[in-house]
Amino acid sequence: MSNVNKKIALITGPTSGIGKITALELAKRGYNLILLARNAQKADALQMEIGDQAETTFVECDLSDLKSVQKAVEKIHANHSRIDLLVNNAGLMMDHEEFSKQDIEMTFAVNHVGHFLLTTGLIDLLKAGKDARIVHVSSGAHQFAKFQIDQLVRPEKFSAWTTYGNSKLANILFSNELAERLQPMGITSNALHPGFVATSFGSGFSSFGSIVMWLARPFAKSPQEGAQTSIYLASSPEVADTTGKYFDDCKPKTPSKDAQSKFLATKLWELSEKLVKDYKPAKA
Ligand SMILES: NC(=O)c1ccc[n+]([C@@H]2O[C@H](COP(=O)([O-])OP(=O)(O)OC[C@H]3O[C@@H](n4cnc5c(N)ncnc54)[C@H](OP(=O)(O)O)[C@@H]3O)[C@@H](O)[C@H]2O)c1
């Protein structure tokens, strides 16, 4: 297939773990790739590894910084007229409290708010895509969420698992809300749990946290296994018309009660709009 006719996929966090395997597999399956990453050296190495299997464009972006996301969306508009697949994969878990440049708790900033600005800024390009899909890499850890809308930006008390769980619940709520809003445009949106996967995830933890992660590693999936549900939702004809669902091991699964709440999805959308309002990208 000529490069012009190939589908275009944008993937966040393609420089490591699940995202890297997803990017490599999509390249093999005939997609051209927009690699959105914060580390230029790692992105270069990935582009070398993909070689001439696909056309790749690197877009530098730190998802914790809304200014950086705004610039990335503008750059994508300047160079592309459509996107057929968006994989919101980048994510982190923090073992201590930290705030982004815009003063948003870091886990929520990267895992949800940066992706919210990116995704909503790209909807016109997804609309121009062919049967476009959005895939959100969430986690079974959404079950640990204690979701209080007024505690997401500056939590009164920091707990690593609750904060991470809240951000992963936000991924599912955002996916569901997008599914509803984008259905008339023929764009699908689904979320997934990749399983427990041996990646760099949690490598920045304190010594206790790292020891727990290291002990659990023998029970983890390989990144190749962990990427299968992302690849399935991104490319399988079986799910071409499926939207607003949550998947685990390439099968639909019912997420927590909170993850099915329309009320929470609406409140999260309203909060997110407020947080990003000063960073709306100028369209090309
Ligand atoms: N591993 C698991 O067991 C597990 C389980 C459930 C869900 N997940 C989810 O799976 C997704 C992928 O995680 P992984 O396990 O593959 O972890 P990983 O190997 O640590 O990869 C995370 C990716 O996110 C990127 N990233 C982190 N912060 C960023 C920022 N501020 N701006 C831009 N990119 C950023 C990283 O970039 P750098 O390479 O520059 O660090 C990396 O490419 C995450 O959303 C995670 O929540 C993982």
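These legends describe close-up views of a predicted model and its ligand. In this predicted model, local features need pLDDT of at least 70 and side-chain atom pairs count only at pLDDT 80 or more, while totals for chains, interfaces and linings use all residues. Residues are numbered from 1 along each chain as its sequence is written, and side-chain values use heavy atoms, with hydrogens and water left out.

**View 1. The shell around the ligand.** The ligand is surrounded by 29 residues, each with a heavy atom within 4 Å of it. The closest are Thr15, Ser16, Lys42, Tyr164 and Thr199. By class, 12 are nonpolar, 13 polar and 4 charged. Here Ala, Val, Leu, Ile, Met, Phe, Trp, Tyr, Cys and Pro count as nonpolar, Asp, Glu, Lys and Arg as charged, and the others, Gly among them, as polar.

View 2. A polar contact is a pair of N or O atoms within 3.5 Å. Tyr164 places a polar side-chain atom 2.7 Å from a ligand oxygen. Asp62 has a polar side-chain atom 2.9 Å from a ligand nitrogen. At Gly91, a polar backbone atom is 3.4 Å from a ligand oxygen. Alone, the ligand exposes 880 Å², and the protein buries 93% of that (Shrake-Rupley method, 1.4 Å probe). Helices H1 (17-28) and H6 (160-182) each give two or more residues to the shell. Helices are DSSP runs (H or I, at least four residues), numbered from the N terminus.

**View 3. Helix H4 against H6.** The axes of H4 (residues 106-121) and H6 are 8 Å apart, at an angle of about 20°. The two helices are therefore roughly parallel (angles under 35 degrees). Axes are lines fitted to C-alpha atoms over the stretch in contact, and angles run from 0 to 180 degrees between N-to-C directions.

**View 4. Helix H3 against H4.** The axes of H3 (residues 66-79) and H4 come within 9 Å and cross at roughly 25°. H3 and H4 are therefore roughly parallel to each other.

Definitions and conventions:
A polar contact is a pair of N or O atoms within 3.5 Å; within protein, one must be able to donate a hydrogen and the other to accept it, and residues adjacent in sequence count only if both atoms are side-chain atoms. Angles under 35 degrees count as roughly parallel, over 145 as roughly antiparallel, 65 to 115 as roughly perpendicular and the rest as oblique.
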